Amino acid sequence: MKELQKYGLELVLITVLILGLFFRLVNLGEKVYWHDETLTSLRIFGHTKTELVEEAFTGQIMTVDDLLQYQRPSPEKDLGDTLNALMGNAEHPPLYYLAARFWAGWFGFSVESMRLLPAIISLFALPAIYWLCWELFRSPLVGTLAMILVAVSPFHVLYAQEAREYSLWTTAILLSSAALLRAIRVNNKLNWTIYGATVALGLYSHLIAVLVNIAHGIYVLAERSCYQGRIIFNYLLASLGGVLAFSPWAWVIIDNFMKIHETVEGSREPLSLSTLVDKWFLNFNRIFLDVELGGYNIIWVALSLYSLYFLTRRTPQKVWSFILTLVGVTALTLLIPDVLTGGRRSTIMRYLAPCCIGIQVAVAYLLAHLLSSVKPWQQKIGKGLTAIVVSAGIIGCGISSQADVWWTKSVSRSGAYKPVAEILDQSDRPLLISHAGQAIGTLAISHQLNRDLQLLLMPKYEMPEIPDSFQNVFVLRSSNDIVEDLQAEGKYQFEPVHKHRGDVYLWKLKN
């Protein structure tokens with residue numbers, strides 16, 4: 001604490017930690033509960049999409065509250081049903097989802113409650129990154145600055161408010177990395193056992209954790225100091241233990257390999273090189289500010305790359321090689337296929353958590369070096385740069401905290417939820433018709449609708465006979481071709497009442 005007082009960071013740390021907690025908790029229930037979060041609740045309560053379609057999309061009228069039974073616990077669904085639902089989507093390991101099921105049993109299943117769990121988990125990333133910086137630099141100043149950066153980083157805050165596994169995975173990366181460095185340093189059974197447990201923790205949190213494990217392996221095999229005292233053998237043994245602990249789920253992945261392959265096809269959507277570069281630059285921005293700056297995103301790219309370069313010039317190889325390996329393995333594994341064969345894997349921010357962590361550690365080291373410099377002009381630069389970076393994070397988090405939907409919740413998918421809900425709420429005796437092709441979207445938007453609103457859920461793209469008791473009849477997101485086909489029959493006429501990104505999201509039946 002004396003060192004923090006020396007650099008005037010004591011009050012800054014307390015203030016930023018309070019703000020970080022505030023941003024993680026503010027408006028938890030106000031932001032839209034989007035497609036992926038809806039899948040979280042569907043699966044943890046033991047349901048599948050197939051079951052939802054077969055039981056709900058039957059052409060019978062039901063209320064929104066009836067449909068939302070698939071988003072809450074049921075006496076008919078036990079833990080075995082949850083595991084079965086999760087195994088059907090094995091690309092998402094089960095640890096977070098099982099924890100979320102128990103959490104919902106204890107604290108409720110509201111939107112606020114479901115998001116409170118990842119928000120709390122994200123707080124553990126703060127001491128975890130301090131521990132990692134301590135193992136790397138033995139510097140309280142670097143660790144404190146890293147905590148400050150993570151506390152108000154838009155990337156970390158936004159995923160802390162996502163009812164998905166990403167805050168757990170971020171924490172697992174930090175714990176595993178710090179545990180590895182401590183195990184190398186101390187080299188005893190206890191610490192290698194802890195590292196093995198963190199390997200399993202990471203794998204059970206997110207499948208891309210395997211890239212973190214590969215980065216750790218490259219570091220251990222390349223670092224000369226590891227050739228002493230059976231460190232490599234202990235590392236291999238601990239890693240094997242972690243992998244074996246994950247093997248039950250590995251078999252589930254193998255059994256569902258083709259389904260997983262089809263699920264991730266969307267990430268292979270080809271993008272031009274210029275588009276890829278623009279998105280990469282934007283992702284650097286999202287670590288620190290998360291406000292689109294166009295060409296000025298290069299400011300954050302320059303800060304990040306210079307910090308990594310500065311790290312290589314000022315620290316021992318065993319320090320900078322760890323960070324560069326952590327960043328490089330994940331970045332190159334996702335980037336190279338995108339450039340060579342097409343895809344957008346390297347633009348998906350949630351896959352890049354190891355890169356974000358490495359960059360933030362490097363920036364924290366740069367700031368600490370400037371602040372602790374004996375040269376007054378460097379100290380001034382350090383204070384100014386620290387103020388800019390921290391202020392940027394606060395501004396970015398402040399803006400996104402007030403938005404109903406942000407990029408982490410896919411504006412293209414969920415940006416229309418609240419406007420559509422307002423239209424329906426303001427209509428006299430409305431009926432909303434949807435179809436099985438929009439099953440999850442319908443379930444997601446139901447969180448925004450009045451619980452007594454009437455729904456007519458059809459198994460196919462067709463129009464049923466409409467009861468006369470409804471004054472206004474709406475159709476949710478049917479494609480233009482289907483609407484044209486129905487109108488061609490002469491029986492139905494539609495008008496668009498809400499467009500989202502050029503596509504009609506809500507149609508109204510005119511007759």
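## Second largest cavity

By class, the lining of the second largest cavity holds four nonpolar, five polar and one charged residues. This is a predicted model. The space in this cavity is about 70 Å³. Arg24, Ser122, Ala125, Phe155, His156, Tyr159, Tyr166, Ser167, Thr170 and Thr171 form the lining.

Two helices each supply at least two of the lining residues: helix 11 (154-160) and helix 12 (166-186). Helix 12 has the largest share, with four residues. A search of the whole structure gives four cavities of 30 Å³ or more.

## Second largest pocket

The second largest pocket contains about 410 Å³ of space. Its lining counts 19 residues. Nearest the pocket centre lie Phe284, Val327, Ala331, Leu335 and Cys355.

The lining of the second largest pocket divides into 16 nonpolar, three polar and no charged residues. In the second largest cavity, by contrast, the lining includes five polar residues and one charged residue.

## Helix 6 against helix 7

Helix 6 (residues 79-87) and helix 7 (residues 95-107) have axes that come within 11 Å. The axes cross at roughly 150°. The crossing is right-handed.

From helix 6, the contact uses Leu79, Thr82, Leu83 and Leu86. From helix 7, Tyr97, Leu98, Arg101 and Phe102 take part. By class, the residues of this contact are six nonpolar, one polar and one charged. Thr82 is the polar residue, and Arg101 is the charged one.

Strands of a sheet pair through backbone hydrogen bonds, either parallel or antiparallel. Strand 2 (residues 430-435) and strand 3 (residues 454-458) run parallel. Five bridges join this pair. Within the pair, Leu432 stands opposite Leu455 of strand 3.

Methods:
Residues are numbered from 1 along each chain as its sequence is written. This is a predicted model: local features need pLDDT of at least 70, side-chain atom pairs count only at pLDDT 80 or more; totals for chains, interfaces and linings use all residues. Side-chain values use heavy atoms; hydrogens and water are left out. Axes are lines fitted to C-alpha atoms, for helices over the stretch in contact, and angles run from 0 to 180 degrees between N-to-C directions. A crossing is left-handed if the near helix is turned anticlockwise from the far one by less than a right angle, and right-handed if clockwise. Contact means heavy atoms within 4.5 Å. Two strands pair if DSSP finds at least two bridges between them. On a 1 Å grid over the protein atoms alone, a cavity is a set of points where a 1.4 Å probe fits but cannot get out, and a pocket is an open set with protein on both sides within 12 Å along at least five of seven lines; lining residues have an atom within 4 Å of a point. Grid points are joined across faces, edges and corners, and a volume is the space filled by probe spheres set on the points.
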